[in-house]
Structure formats: structure tokens, C-alpha cells
Amino acid sequence: QQKQAGPFIGVFEVYTDVAAMVSNNERNQTIIISTLVAVLMLLYLALLGFVRRMERGIMAQEFALRERAEQLAVLSARLLDRQETEKQRIAGELHERVAQTLAAVKLTVENAVHAINRGDENSLTQLESMIPILQTATQDVRSVAVGLRPPSLDDLGLMATLRWFSRDFADKHPNVALEGRLELEESKIPAPLKAIIYRVAEDTCLALAANDEVTRIAISLDADSERVVLTVRDDALADDAMSKNHPYVAVRERTLLSGGKFLTLANAWGGLNMMATWHR
């Protein structure tokens with residue numbers, strides 16, 4: 001280090017005005033903080049809106065679930081009533097038809113046995129008279145069995161059973177013209193749906209036949225890659241309001257309980273198109 005040669009003569013100082021730079025920094029900090037606050041507010045509002053939408057969605061789902069549960073409870077109760085009514089009908093048919101026929105057979109057999117024991121020559125005639133009675137009993141049992149589940153549904157398939165039902169319906173209800181478009185391939189119908197579709201078609205046609213104003217019915221069955229659709233058209237039920245006594249009330253309940261969808265629309269015949277749809 002060199003030694004100072006002499007006294008200081010002067011001092012040279014340089015000053016810089018940094019006020020503008022400080023002001024600019026403060027302004028930038030304010031902008032950054034304001035922007036950050038604005039972004040946070042926007043994020044908060046967006047999050048708040050999302051939460052509220054989620055709450056509304058959850059509330060709507062809860063309401064739909066409660067409504068669905070109440071509907072299922074009502075439908076289940078009606079199904080139980082329907083089952084009891086069906087059991088009562090079957091019991092009545094067995095008692096009034098089969099049981100009485102078998103009682104007549106029993107009485108005839110007893111009389112024939114007594115005649116044989118007495119050596120009566122008419123005993124053979126009494127036994128022969130049982131043949132038409134037994135035929136009637138066989139027919140009654142077959143009729144009850146077919147009413148419970150047609151054997152052709154398992155042996156021949158749904159389409160053949162629907163065609164058989166159309167012929168049987170025409171014989172029993174000559175005043176109602178039943179048209180059928182039943183050419184769907186059997187393989188396109190899921191096996192679990194066959195019995196359900198048959199019962200819905202049967203219930204619909206029988207409900208319509210009970211209405212004196214119905215003179216024409218058309219039934220068709222279609223399917224695509226996602227669903228199977230049963231359509232029944234009539235020429236009288238112009239009112240599609242589902243009142244308590246509407247012919248389609250039981251049909252709708254059976255469709256909904258089987259996992260299907262039920263819809264009615266007015267048609268050009270002056271009646272309704274009933275459409276029952278199930279997912280494949």
C-alpha cells in the first residue's frame with residue numbers, strides 16, 4: 001500500500017436519482033400483488049361455483065333416488081297385490097274346473113266299482129263315460145299350465161309363442177283384429193327377457209280386448225344392438241293419461257319392475273302406441 005503523498009485536495013462524488021426506479025418497483029409490486037389477488041379471487045369464485053354446482057347435482061341425485069325408491073316401493077306393493085290376485089285366479093281355476101272334474105271322476109269310479117261288485121252289466125258303460133270327463137280334466141290342467149308359462153316359450157322360443165298367442169287371441173276375441181309383425185330373429189332377444197316380453201304383450205292385448213271400443217290391435221317386436229322394443233298399437237285409447245283404471249297401468253308396472261322403460265304416444269288410428277323398451 002502506497003503512503004499518502006500529501007493532503008486531500010478534494011472529493012469527487014456521483015449521485016444517481018433512484019426515486020423513479022423505486023417508484024417503478026413499488027408499482028410493479030402493486031401490480032403483481034393485485035394480479036395475484038385477482039387470480040386467487042377468480043379461483044375462489046370458480047371453486048365456489050363448482051362446489052355449488054356439485055351440491056345442486058348431489059341434491060338432484062338424492063331427490064331422484066328418493067323418488068325412485070318411493071316409486072319402487074309403490075310398484076313392489078302393487079306387484080305383491082298382483083301376485084296375490086294371480087294366485088287367487090289360479091286357485092279359483094283349479095277349484096272350479098280341475099277339482100270339480102276330478103270329483104266327478106271319483107264319483108263315477110265309485111259307482112262303477114259298486115256296479116262291478118254287484119255284477120251289474122252297466123259297469124263298463126260307467127267306466128267308458130269317464131273318458132270325456134278325464135279329457136276335460138286334462139284340458140283344464142293344460143290350460144292352467146299354459147296360463148302360467150307356455151311350454152313353447154322354452155321349446156320354440158318367443159317369436160313362435162307370440163305367433164301362437166296371436167292365433168289363440170283371434171279365436172277367443174273374434175271382434176278384435178290382431179295384426180302381428182313378428183319376424184325378428186330369435187337370437188336377437190336375450191333369454192332373460194323372453195318371458196317378460198311375452199307377459200307384457202299378453203297383458204297389453206288382453207287389457208285392450210277388455211275395452212269394447214277397441215276393434216284393431218297391431219303388435220311388433222324390434223331389436224338393435226342396444227335395446228329390444230315391443231310396440232302395441234290400438235285404435236281406441238286416445239287418452240294417454242295414466243289414470244288408476246287405465247288398461248295400461250298393470251302393463252307399465254310390469255315393464256318398470258322388469259327394468260324396462262314404458263311410453264305411450266298417440267297414433268294415426270285414433271288410439272295409442274304402447275312402447276316397452278329393454279336394454280339388451
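Met 54 has a relative accessibility of 41%, so this residue counts as partly exposed. That value, like the others here, comes from a predicted model. Met 54 sits in helix H1, which covers residues 19–118. Together with Leu 47, Phe 50, Val 51 and Ile 58, Met 54 forms a nonpolar surface patch of about 440 Å².

Setting aside neighbours within four places in sequence, Glu 93 touches Val 98 and Val 144. Val 144 is 51 residues away from Glu 93 along the chain, yet their C-alpha atoms are separated by 7.4 Å.

Now for another pair of helices. H6 and H7 pack with their axes 9 Å apart, at an angle of about 170°. Angles over 145 degrees count as roughly antiparallel, and H6 is therefore roughly antiparallel to H7. The table shows who takes part in the contact.

| Helix | Residues making the contact |
|---|---|
| H6 | Arg 199, Val 200, Asp 203, Thr 204 |
| H7 | Val 251, Arg 254, Thr 255 |

Helix H6 spans residues 191–209, and H7 runs over residues 249–257. Which residues of H7 are buried? They are Val 249, Val 251, Glu 253, Thr 255 and Leu 256. Just after H7 comes Gly 259, with a positive phi of about 90°.

Conventions
Residues are numbered from 1 along each chain as its sequence is written. This is a predicted model: local features need pLDDT of at least 70, side-chain atom pairs count only at pLDDT 80 or more; totals for chains, interfaces and linings use all residues. Side-chain values use heavy atoms; hydrogens and water are left out. Patches are made of residues with over 30% relative accessible area and no salt bridge: like charges are joined within 9 Å, nonpolar side chains (Val, Leu, Ile, Met, Phe, Trp, Tyr) within 5 Å. Accessible areas come from the Shrake-Rupley method with a 1.4 Å probe; for residues, only the protein chains shown count as cover. A salt bridge is a side-chain nitrogen of Lys or Arg within 4 Å of a carboxyl oxygen of Asp or Glu. Helices (H or I, at least four residues) and strands (E, at least two) are DSSP runs, numbered from the N terminus. Buried means under 20% relative accessible area, exposed over 50%, partly exposed in between (1.4 Å probe, protein chains only). Axes are lines fitted to C-alpha atoms, for helices over the stretch in contact, and angles run from 0 to 180 degrees between N-to-C directions. Angles under 35 degrees count as roughly parallel, over 145 as roughly antiparallel, 65 to 115 as roughly perpendicular and the rest as oblique. Contact means heavy atoms within 4.5 Å.
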